Amino acid sequence: MRKEKTKKIHLTYELIESFLEELDRTSHSPGSVKAYRTALRALYESMPHEKLLDTTTAQAWREYLESQGYAPRTIRSRLSMLNSFLHYLGRGEWQFDQPSVQLPVAPEDDIQPELTRPEYLSMLQAARLLEQHRTYLLIKTLGGTGMRIQELPQFTVESVRAGTAPLWYRGTKRMVRIPGSLRQELLDYTTEEGLDSGSVFVTKEGVPLNRAVVWRSINSISGQANIAPQKANPRCLRKMYLTTLGGLPAGMAATQDMVYDSILESEQRSIGWNSPAG
């Protein structure tokens, strides 16, 4: 948003939706995007008819929320969402003074918790016990490759056969390696499902799964896995993958790949879909 810093910004529903689309592209949960939509539309409705954002907006909204009897926690959360929106608009100088009200960096329901590797294995074990093969492989694919949920529809049978997946994200192409143990399970799955080409994870009609379905599928096994529901999601799986890689020897990529594959193969012996323990 390249506007002169002295200019006010006309707030519209279209502008709000543009921001929400950016949140969606950056892997925010459907629940988080919904919370932002609710908050920013409430801001819009509370503003004078000109609907102009400027240096006074955040303070005015805080006073309005206080006058309506909102709890301090809710006020902090909504001001934090507004600050994120103003940052997106390139108006960081209009943000509410976070230190003075101890605002969180993000709304509490959007703080990404840490998923440990043992918890990840518990999720896989739970999916096996529930006989949810597709959910099992969704968890293992996202947690084993670091793939983003937005990239999942691009993950094809052809990619599994090749052992690498060319994926586009926000205009940038990257190649994602499919570890051998995961690749074999995916090959078995696509054969069982009669999938010869196209996306690996699809509906009965052959349509790639949408984000909401993927999110619900993974989150649904949190109880059986005995982990916090907020940890059972694609973002936490990707973060766990990155944390795992960060703990491996730096340097030659081939060496890192070998160590990582060794970890997965060891896990495979206990939580593979067709392992004896199943």
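Me: In this predicted model, which residues of helix 3 (residues 57-67) are buried?
Reply: Thr 57, Ala 58, Trp 61 and Leu 65 are buried in helix 3. The term requires under 20% relative accessible area.

Me: What puts these residues on one side of helix 3 or on several sides?
Reply: They cover an arc of only 90 degrees around the axis, and therefore lie on the same side of helix 3. An α-helix has 3.6 residues a turn, so residues three or four places apart point the same way.

Me: What covers the buried residues of helix 3?
Reply: The cover includes helix 2 (30-46), strand 2 (52-53) and helix 4 (72-88). Contact here means heavy atoms within 4.5 Å.

Me: Why is Arg 211 called buried?
Reply: Its relative accessibility is 16%, and the cut-off is under 20%, so Arg 211 counts as buried. Arg 211 lies in helix 10 (residues 211-219).

Me: What makes the pairing of Arg 211 and Asp 24 a polar contact?
Reply: Their side chains are paired at 2.5 Å, and the limit for N or O atoms is within 3.5 Å.

Me: How many residues does the protein chain have, and what share is buried?
Reply: The protein chain has 278 residues, of which 46% are buried. It has 13 helices and 4 strands.

Terms used. Residues are numbered from 1 along each chain as its sequence is written. This is a predicted model: local features need pLDDT of at least 70, side-chain atom pairs count only at pLDDT 80 or more; totals for chains, interfaces and linings use all residues. Side-chain values use heavy atoms; hydrogens and water are left out. Helices (H or I, at least four residues) and strands (E, at least two) are DSSP runs, numbered from the N terminus. Buried means under 20% relative accessible area, exposed over 50%, partly exposed in between (1.4 Å probe, protein chains only). A polar contact is a pair of N or O atoms within 3.5 Å; within protein, one must be able to donate a hydrogen and the other to accept it, and residues adjacent in sequence count only if both atoms are side-chain atoms. The arc is that of the directions from the helix axis to the C-beta atoms.
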